[in-house]
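Please keep the sequence and the 3D view open while reading.

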Amino acid sequence: LASWKRLLPMVFWLWIQLVMFDLANQTLDREEDQVNKNWRPLPSGRLSRRTAVILRWLMPLFNLAWSAQYSKEVVLACLGTCVATYLYNEGGFGDGHWSVRNICNVSVALFLEFGTCLVAGE
């Protein structure tokens with residue numbers, strides 16, 4: 001952490017990336033969440049599926065625009081998170097072979113850590 005002034009921007013950048021990933025993950029299989037995690041916004045009815053899908057596709061645009069205020073490397077980390085999120089959820093990699101699923105999960109974690117460190121070091 002280059003300075004304590006970087007803590008809030010770092011946490012916010014990480015948080016918006018995770019919101020994007022969570023929206024993508026939770027809009028796919030509502031029935032599973034209804035049984036296993038009924039406290040989440042969609043199964044509990046606090047957020048409609050339509051609104052969640054709209055937010056799911058707006059978040060990558062917002063995240064890329066937000067990342068652009070830092071550097072091209074932060075944008076690339078965000079883009080990597082967007083692509084890995086898409087592959088995991090809509091691309092079906094999350095339902096595939098365990099090795100492909102793990103590579104996708106590690107990729108998301110790598111891009112999240114890389115981007116967060118870049119924002120922290122600004």
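The buried residues of α5 pack against α1, α4 (49–67) and α6 (98–120). Helices here are DSSP runs (H or I, at least four residues), numbered from the N terminus. Buried means under 20% relative accessible area, exposed over 50%, and partly exposed in between (1.4 Å probe, protein chains only). This is a predicted model, in which local features need pLDDT of at least 70 and side-chain atom pairs count only at pLDDT 80 or more, while totals for chains, interfaces and linings use all residues. Residues are numbered from 1 along each chain as its sequence is written, and side-chain values use heavy atoms, with hydrogens and water left out.

**Confidence**

- The protein averages a pLDDT of 91, and 98% of the residues score at least 70; pLDDT is the predictor's confidence in each residue, from 0 to 100.
- Where pLDDT is low, the predicted coordinates should not be read in detail.

**Helix α5**

- Helix α5 has 17 residues, and its first and last C-alpha atoms are 24 Å apart, close to the 24 Å expected at 1.5 Å a residue. The expected span is 1.5 Å times one less than the number of residues.
- The buried residues of α5 are V74, A77, C78, G80, T81, C82, A84, T85 and Y88.
- A77, in helix α5, has a relative accessible area of 0% and is therefore buried.
- Not counting residues up to four places away in sequence, A77 touches W13, F111, F114 and G115; contact means heavy atoms within 4.5 Å.
- A77 and A24 are 53 residues apart along the chain, and their C-alpha atoms are separated by 18 Å.

**Helix α1**

- The 20 residues of α1 should span 28 Å at 1.5 Å a residue, and the end C-alpha atoms are 28 Å apart, which agrees.
- The buried residues of α1 are P9, M10, W13, I16, Q17, M20, F21, L23, A24 and Q26.
- Q17 lies in helix α1 and counts as buried because its relative accessible area is 0%.
- Leaving aside residues up to four places away in sequence, Q17 touches N63, S67, C78, T81 and L112.
- L8, also placed in helix α1, counts as exposed because its relative accessibility is 67%.

**Surface patch**

- W4, L7 and V11 form a nonpolar patch on the surface, with about 340 Å² of accessible area together.
- Patches are made of residues with over 30% relative accessible area and no salt bridge; like charges are joined within 9 Å and nonpolar side chains (Val, Leu, Ile, Met, Phe, Trp, Tyr) within 5 Å. Accessible areas come from the Shrake-Rupley method with a 1.4 Å probe, and for residues only the protein chains shown count as cover.
- L7 is found in helix α1 (residues 7–26), and its relative accessibility of 32% makes it partly exposed.

- A search of the whole structure finds one salt bridge, defined as a side-chain nitrogen of Lys or Arg within 4 Å of a carboxyl oxygen of Asp or Glu.
- R56 forms a salt bridge with E90, and the closest N and O atoms are 3.0 Å apart. The pair links distant parts of the chain, 34 residues apart, with R56 in helix α4 and E90 in the loop between α5 and α6.
- R56 is buried at a relative accessible area of 3%, whereas E90 is partly exposed at 27% relative accessibility.
- R50 lies in helix α4 and is exposed, with a relative accessible area of 65%.
- R50 and C117 are 67 residues apart in sequence, and their C-alpha atoms are 34 Å apart in space.

**The loop between α4 and α5**

- Y70 lies in the loop between α4 and α5 and counts as buried because its relative accessible area is 16%.
- Y70 is in contact with R6, P9, W13, V119 and E122, leaving aside neighbours within four places in sequence.
- Y70 and L118 are 48 residues apart in sequence and 8.4 Å apart in space, C-alpha to C-alpha.

How values were computed:
Helices (H or I, at least four residues) and strands (E, at least two) are DSSP runs, numbered from the N terminus.
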